[in-house]
Amino acid sequence: MSETTKIVALHGGLLVLLVTLQFLLPAYHHGNLARIMVLASFAIGYNVMFGYTGLLSLGHALFFAAGMYGMGLAVQYAGAGPVVALLAGLAVSVVVALVVGLLALRTAGVGFMIVTLMFAQAGYLTILYFTTWTRGDEGLVLQQAQRTIGSLDLSQPGPRYFAALLLFAICFLVTLWMVRAPFGKVLIAIRENEERARMLGYDVFRYKLAAVVISGTLCGLSGAAYGLLFGYVGATFASVQYSIFPLLWVLLGGAGTVIGPLVGTLFMFYLIDLSSSVTSAYMLVAGVVLVLLTLFAPQGLVGELRARVWRWLP
Amino acid sequence: MLELDKINAGYGRAQILRDLSLTVAPGEILCLLGRNGAGKTTTMKAIMGLLPLMSGTVRLAGAEISALPAHKVAGRGIGYIPQGRRLFGELTVAQNLEIGLRAGASGPEVLEDALQLFPRLRERLAQRAQTLSGGEQQMLATARALCLQPRILLLDEPTEGLQPSMIAAIRDVTTLMRDRGVGILLVEQGVDAVLSVADRVAFIENGRNLETLEAEALRRDPRLISKHLGV
């Protein structure tokens, strides 16, 4: 089998599996998986910057929340339908990503981490400050009627699952295509050695800015979809833990792999889910597992798989 | 023709290069000789726009390039292969070359030419760059720079730490590029390595020019070298 055939088979097969699971999973796991697919889309967006371009951001909650609030405010105050609201969320996250990128990319390394973290904190505080409209910590609850497209009720498990799968498939296929295209190779070159890429004549700043905008857009789209599918838009999603989550999911799954973000999100979700059914000290269990994985699988689950077995994984 | 006209440059407030002037003509190999810390690598970085000039200009074929951002300097046709090679380790040999080709907007015939110069690379196209031997990595770094079809090549200690057969292979390609009309600025530590390929030798000390001599004169009278290097 050629490399391309294997890649198509694996990634296509995964999508087919996710479609099939819709009909097989019991209700509880069915709901979980819908949530995981949306969060994994968030992680995929994060991975574009961190895994492929080597930009470690600590402020991705800002993009997630930008999409979520762009969507939520449009529904709440402009009476927008779900599709228009989703597009509004998308537009807001593009603008936010562009502005953050233009400013934050003037720094690198630790400076970049701090600047992105500060932007995200500023975003979080802004949401709390305008509490009259955003409802601050309490958040906005979207009614069933506001989450219906034609006869599709996104608050129902079936349509919600498929909407989550559609979002995931879009993010998944966009990154798969991107990292195999010349553009993605340049991003990897920048990650591997930025100065060298510049010395070969690539405008590194423009490529990094493009990576930030693509990443921010995918994350914003996920945030908008999350609000729409689960009917809640809240300031928690702009807080620092939602900047750390995608980093953890990507690290666990395998930075710089296309399926890593899904694997990492799935793993961490069920790690917490299963351990909390056993003990109230579930965060301790999660912590120990994370430490062990970092020690013994530093490249993440899929990263180790690539290093040992499937060398062709994109 | 690459011209450095009285350039001053350094890192922050530490000035390294002082009124340094050099010219590299098409089809010649100019070697920089100087002790450690004399400013050889700094000179190359200054040419590439990696260090801001305090004063002076760098011109390529008469056009000033010292005001350009770093990535545009390469686009004008200067290939720089820094010390220590610096490949994109996670990418394969083929992908490393592809990145070079795209940067130079070069066609497949350029790749074919580079692979003919380094047949070893053709056997290793699908291999990850970080798994190559030191000599093969140097070949790849050189081939990637050639994919840009440069008019000027800057080579910083290309044969450092390589086995003799690899040194010979790199040297053959260097002289071949010279014969094709590429201007080459070369830094080497070993005097023998310099004398075997150089057309002219520029001595520098503390970031200043000393003399620039024909290599032929040095080959005839090696005492000139110890006089200038002070060793």
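How many residues does the contact take from chain B and from chain A? It takes 19 residues from chain B and 15 residues from chain A, where two residues are in contact if their C-beta atoms, placed from the backbone, lie within 7 Å. On the side of chain B that touches chain A, α2 (70-75) and α3 (93-103) of chain B each supply at least two residues. The most comes from α3(B), with six residues. By class, this side of chain B has nine nonpolar, six polar and four charged residues; Ala, Val, Leu, Ile, Met, Phe, Trp, Tyr, Cys and Pro count as nonpolar, Asp, Glu, Lys and Arg as charged, and the others, Gly among them, as polar.

The model is predicted: local features need pLDDT of at least 70, side-chain atom pairs count only at pLDDT 80 or more, and totals for chains, interfaces and linings use all residues. Residues are numbered from 1 along each chain as its sequence is written, while chains are lettered from A and ligands numbered from 1 in the order in which they are written.

**Chain B overall**

Chain B has ten helices and ten strands; these are DSSP runs numbered from the N terminus, with helices being H or I of at least four residues and strands E of at least two. Its radius of gyration is 17 Å, close to the 17 Å that the globule rule gives for 231 residues, so chain B is as compact as a globular protein of that length. The radius is taken over C-alpha atoms, and the rule is 2.2 Å times the number of residues to the power 0.38. Along the principal axes, the C-alpha atoms of chain B fill a box of roughly 50 × 40 × 30 Å. Of the 231 residues in chain B, 43% are buried (20 or more other C-beta atoms within 10 Å of the residue's own; exposed means 12 or fewer, partly exposed in between; C-beta atoms are placed from the backbone). Among contacts in chain B between residues at least 6 apart in sequence, 67% join residues at least 24 apart.

**The sheet and its helices**

An open sheet of six strands in chain B has the order β6-β7-β8-β3-β9-β10, with mixed pairing; two strands pair if DSSP finds at least two bridges between them. Its edge strands, β6 (78-81) and β10 (208-214) of chain B, each pair on one side only. Strands β7 (residues 152-156) and β8 (residues 183-187) of chain B pair in the parallel sense over five bridges, and D156(B) stands opposite V187(B) in β8(B).

Axes are lines fitted to C-alpha atoms, for helices over the stretch in contact, and angles run from 0 to 180 degrees between N-to-C directions.

| Helix | Strands | Angle |
|---|---|---|
| α6 (residues 134-146) of chain B | β6 and β7 of chain B | about 170° to β6(B) |
| α7 (residues 164-179) of chain B | β3 (29-33), β7 and β8 of chain B | about 150° with β8(B) |

**Domains**

The assignment, from an automatic or database source, gives domain 1 (2-77 + 150-229) and domain 2 (89-149) of chain B. Eleven residues of domain 1 of chain B are in contact with ten residues of domain 2 of chain B. On the domain 1 side, α7(B) gives the largest share, four residues.

**One residue**

D192(B) is in helix α8 (residues 191-197) of chain B and is exposed, with 8 other C-beta atoms within 10 Å.
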